[in-house]
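Please look over the sequence and the model before reading on.

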Amino acid sequence: MKLDRTKELIHGSINKSEPYEALVHVLESAIELVQIPDNDFFWSYWEDAADATKEITKFLNMAKSYALPERAEVGVMFAPTGPLQELSLSSGWAEPFLKVAEKYDQVEGLLWPKF
């Protein structure tokens, strides 16, 4: 597995003028990560890679259509002890996850600014 979108995301910067495209990139990276062979989904609320991909794809399709998903629904995936972090810890890619989650935090601030 190449993880091209994840590598681009981790080593690049978020385009602040295109926050929906940035969210698309983050979600595409998340799909790459959940589809790594031999991931251990035991501590995640997802049953398997197909289940995780289905949920993330729902948000990805919304972002591609410039529809804003519910902040909490997307944010919980990237949160500490959320399903992506739990999956990353049990599957051996915790460090890349933290970098992707950091990019998500940047995008979240652009799409759902705090007042």
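The model is predicted.

**Asparagine 39**

Asparagine 39 sits in a loop. That loop runs between helix H2 (19–34) and helix H3 (49–64). Is asparagine 39 buried or exposed? Its relative accessible area is 13%. The cut-off for buried is under 20%, so asparagine 39 counts as buried.

Which residues does asparagine 39 touch, leaving aside those up to four places away in sequence? They are Leu33, Val34, Leu87, Ser91 and Trp93. Trp93 also takes part in a polar contact, side chain to side chain, with asparagine 39. The side chain of asparagine 39 has a polar atom facing a backbone oxygen too, that of isoleucine 36. The distances are tabulated here.

| Partner of asparagine 39 | Atoms involved | Distance |
|---|---|---|
| Tryptophan 93 | side chain to side chain | 2.8 Å |

Glutamate 8 lies 21 Å from asparagine 39, C-alpha to C-alpha. In sequence, the two are 31 residues apart.

**Helices H5 and H6**

Helix H5 covers residues 83–91, and helix H6 covers residues 94–111. Their axes come within 8 Å. The crossing angle is roughly 155°. H5 is therefore roughly antiparallel to H6.

Which residues meet between H5 and H6? H5 contributes Leu84, Gln85, Ser88 and Leu89. H6 contributes Ala94, Phe97 and Leu98. Of the residues in this contact, 5 are nonpolar and 2 are polar, with no charged ones.

Conventions:
Residues are numbered from 1 along each chain as its sequence is written. This is a predicted model: local features need pLDDT of at least 70, side-chain atom pairs count only at pLDDT 80 or more; totals for chains, interfaces and linings use all residues. Side-chain values use heavy atoms; hydrogens and water are left out. Helices (H or I, at least four residues) and strands (E, at least two) are DSSP runs, numbered from the N terminus. Buried means under 20% relative accessible area, exposed over 50%, partly exposed in between (1.4 Å probe, protein chains only). Contact means heavy atoms within 4.5 Å. A polar contact is a pair of N or O atoms within 3.5 Å; within protein, one must be able to donate a hydrogen and the other to accept it, and residues adjacent in sequence count only if both atoms are side-chain atoms. Axes are lines fitted to C-alpha atoms, for helices over the stretch in contact, and angles run from 0 to 180 degrees between N-to-C directions. Angles under 35 degrees count as roughly parallel, over 145 as roughly antiparallel, 65 to 115 as roughly perpendicular and the rest as oblique. Ala, Val, Leu, Ile, Met, Phe, Trp, Tyr, Cys and Pro count as nonpolar, Asp, Glu, Lys and Arg as charged, and the others, Gly among them, as polar.
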